[in-house]
Amino acid sequence: MFKRNKKMIMLLMTVMVMSIWLAACGAKPAEDGAAGENDTTTETETQTEAAKERTLTDAMGHEVTIPANPERVIASYLEDHLVTLGVKPAAQWSINNGNGLQDYLQNDLNGIPGIASDLPFEAMASFSPDLIIMGSESTVEGEKYEQYNKIAPTYVLGDEVNKDSRQALLKIGELLNKSDVAQKALDDYDAKAKEIKEKVTAVTGGTKSAAALWLFNNKFYVVSNNVSSGEVMYNELGLAEPNVVKEASAKATGNWSEISLEKIAEMDTDYLFLVNSDKGAGSEALKDAVWQSIPAVKTGNVFEFTRSSSWLYSGVQANLQIMEDILNSIVK
């Protein structure tokens with residue numbers, strides 16, 4: 001009898017242990033499921049949080065309430081960054097009564113109305129923007145900021161950010177909830193720049209020099225070494241920078257500085273990239289004997305582009321087009 005009871009007790013204990021073990025195993029998936037639900041909830045909450053209005057401080061100390069999902073953005077002369085982010089503005093920068101658009105962007109901005117570069121208040125209001133992004137402090141000097149801010153929340157990047165096309169893109173990406181898009185665009189840009197640099201260096205040996213000139217109203221201007229086509233030539237593609245360009249850049253107050261023909265002749269550079277805004281108006285400066293005596297001119301290493309090209313602008317879109325122009329010019 002005792003032996004039978006002992007066996008029964010052992011059997012019951014085994015059953016109890018198995019029950020506890022099974023219960024524990026059964027609870028594990030439930031715990032995992034609960035954790036998964038919590039993770040999903042957290043992700044959803046994060047997405048919701050990202051879509052909410054945010055208050056950000058701009059370069060001038062304004063606390064700006066950024067709409068959750070801005071749909072009618074005006075960012076005059078910053079459209080290169082908007083195109084890179086896949087955003088179509090409510091209106092785009094222009095001169096000459098809306099006819100002077102940034103031609104190099106028109107594949108993406110075709111049909112979007114122009115707004116005068118001085119951004120009249122009435123015109124701004126007529127487009128009913130829900131966010132205005134300004135590049136420079138000077139565009140909102142005096143009481144202008146308050147006037148624009150009455151039309152829509154107005155955020156000023158500031159000159160320090162605006163002059164660095166990468167930082168400007170990242171900041172606008174942050175404002176428009178597209179930081180990931182901005183970073184990927186820069187990563188893709190760097191990869192493309194590396195690819196083109198390798199092809200250019202294979203031809204130049206890394207020692208050839210270059211300069212970009214702009215001919216406008218019979219006067220020449222040279223680009224600074226850290227913006228627009230200067231940034232592309234020297235920083236991205238590794239072309240050598242002539243001393244004359246270094247000197248002009250050190251004194252520059254803008255992206256382009258006026259330069260004499262005599263100074264251009266002193267550069268003795270291997271390649272000259274010329275944006276000819278006088279094409280069709282005689283381009284008299286190109287007939288000058290000094291111009292004709294420049295080594296790059298004599299060897300046929302002047303590559304000319306029209307005013308509609310991207311050479312006068314900065315940003316991922318502009319720089320990529322400039323790179324392609326350089327590649328197609330010197331890599332045969």
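Which residue forms a salt bridge with Glu-174, and how far apart are the closest N and O atoms? The partner is Lys-171, and the closest N and O atoms are 3.0 Å apart. A salt bridge here is a side-chain nitrogen of Lys or Arg within 4 Å of a carboxyl oxygen of Asp or Glu. Side chains of opposite charge can pair when their charged atoms come close.

The model is predicted: local features need pLDDT of at least 70, side-chain atom pairs count only at pLDDT 80 or more, and totals for chains, interfaces and linings use all residues. Residues are numbered from 1 along each chain as its sequence is written, and side-chain values use heavy atoms, with hydrogens and water left out.

Glu-174 and Lys-171 both lie in helix α7 (residues 165–175), three residues apart, which is about one turn of the helix. Helices (H or I, at least four residues) and strands (E, at least two) are DSSP runs, numbered from the N terminus. Glu-174 has a relative accessibility of 28%, so it counts as partly exposed; Lys-171, at 23%, is partly exposed too. The cut-offs are under 20% relative accessible area for buried, over 50% for exposed, and partly exposed in between (1.4 Å probe, protein chains only).

The structure holds 12 salt bridges. Another of them joins Glu-195 to Lys-192, with the closest N and O atoms 3.6 Å apart. Both residues lie in helix α8 (residues 179–204), again three residues apart. Salt bridges that share partners join Lys-192, Glu-195, Lys-199 and Glu-324 into one network. Lys-163 and Glu-160 also meet in a salt bridge, at 3.4 Å from N to O, and both are exposed.

Next comes the sheet. Five strands form an open sheet with mixed pairing, in the order β10-β9-β8-β11-β12. Two strands pair if DSSP finds at least two bridges between them. The edge strands, β10 (256–259) and β12 (302–306), each pair on one side only. From one strand to the next, the twist averages 30°. Strand β11 (residues 271–276) runs parallel to β12 and is joined to it by five bridges. Within β12, Glu-304 is the bridge partner of Leu-274. Helix α10 (residues 243–251) lies across β8, β9 and β10, running at about 90° to β9. Axes are lines fitted to C-alpha atoms, for helices over the stretch in contact, and angles run from 0 to 180 degrees between N-to-C directions.

Is Gln-92 buried or exposed? Gln-92 is buried, because its relative accessible area is 0%. Gln-92 belongs to strand β4 (residues 92–94). Its side chain makes a polar contact of 2.9 Å with the side chain of Gln-106, and also reaches the backbone oxygen of Leu-109 at 3.2 Å. A polar contact is a pair of N or O atoms within 3.5 Å; within protein, one must be able to donate a hydrogen and the other to accept it, and residues adjacent in sequence count only if both atoms are side-chain atoms. By contrast, Asn-107 in helix α3 (residues 106–109) is exposed, with a relative accessible area of 78%.

Aromatic rings complete the tour. Rings of Phe, Tyr and Trp (its six-membered ring) pair if their centres lie within 6.5 Å; planes under 30 degrees apart count as stacked, over 60 as edge-to-face and the rest as tilted. Ring pairs link Tyr-271, Phe-273, Phe-303, Phe-305 and Trp-311 into a cluster.

Methods: Contact means heavy atoms within 4.5 Å.
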